[in-house]
Amino acid sequence: VLVRFGGSRMQNIIESVATQRVILRAPSLAYREMLHSAVEESIEDLKLWLKWAQKVPSLDECAETINQSIDAFTSKKELQFDIFTKERNFFIGCAGLQRIDWSVPKAEIGYWIRTSCQGQGYATEVSKAVAEVAFTKLEMNRVEIRCDYHNLRSKSVAKKAGFVLEGVLRNDSLTPNGILRDTAVFSRIKNEYI
């Protein structure tokens with residue numbers, strides 16, 4: 001994993017992360033139309049698991065979301081990256097660290113991959129890269145992946161990325177449809193990573 005840090009105004013901010021097949025880039029309004037297209041293509045898959053994806057956002061709503069991601073990124077509250085293939089520079093989704101608690105420090109990895117690129121190992125590759133950055137560059141002690149217990153793909157990604165199932169939180173939260181759900185909690189901790 002190759003990590004590039006920003007200069008001057010973005011000092012000590014991770015600007016990009018490169019893996020074998022993809023580049024994760026800090027959020028930018030330049031990606032607004034690409035984000036819109038990926039969500040539009042993937043809305044039927046996304047709305048099963050993600051509350052924010054219940055309808056295709058307008059371009060203005062995409063811009064608002066990106067601006068919020070930029071603010072969270074520069075303040076280090078969340079580090080959400082846009083994912084592009086190296087080969088074609090094609091926008092395939094988003095991934096990053098959310099629910100960061102710098103006092104521990106710990107965070108949760110969140111991700112989504114556009115429908116046409118699912119099943120190709122991108123989510124696993126990206127999750128491994130984000131975990132590596134969390135442990136080696138951000139000195140995190142714990143990284144989690146949480147998902148709906150019935151989300152078999154996300155559970156598979158967590159296992160393939162080396163995360164251990166700690167348990168299932170019963171009736172922990174609500175699905176986007178407002179139904180009680182169980183949450184699978186996977187983790188990696190620093191001394192197991194190194």
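Angles between axes count as roughly parallel under 35 degrees, roughly antiparallel over 145, roughly perpendicular from 65 to 115, and oblique for the rest. The model is predicted, so local features need pLDDT of at least 70 and side-chain atom pairs count only at pLDDT 80 or more, while totals for chains, interfaces and linings use all residues. Residues are numbered from 1 along each chain as its sequence is written, and side-chain values use heavy atoms, with hydrogens and water left out.

The axes of helix α1 (residues 32-46) and helix α2 (residues 59-74) come within 9 Å and cross at roughly 110°. The two helices are therefore roughly perpendicular to each other. Contact here means heavy atoms within 4.5 Å. On the α1 side it is made by Arg-32, Glu-33, Leu-35 and His-36, and on the α2 side by Leu-59, Asp-60, Cys-62, Ala-63 and Ile-66.

Strands are DSSP runs of E with at least two residues, helices runs of H or I with at least four, both numbered from the N terminus. Two strands pair if DSSP finds at least two bridges between them.

| Strand pair | Sense | Bridges | Opposite residues |
|---|---|---|---|
| β2 and β3 | antiparallel | three | Val-17 and Leu-24 |
| β3 and β4 | antiparallel | four | Val-22 and Thr-85 |

Buried means under 20% relative accessible area, exposed over 50%, and partly exposed in between, with a 1.4 Å probe and protein chains only. Thr-85, in strand β4 (residues 79-85), is buried at 10%. Its contacts include Val-22 and Tyr-122.

Conventions
Axes are lines fitted to C-alpha atoms, for helices over the stretch in contact, and angles run from 0 to 180 degrees between N-to-C directions. Lists of a residue's contacts leave out its neighbours within four places in sequence.
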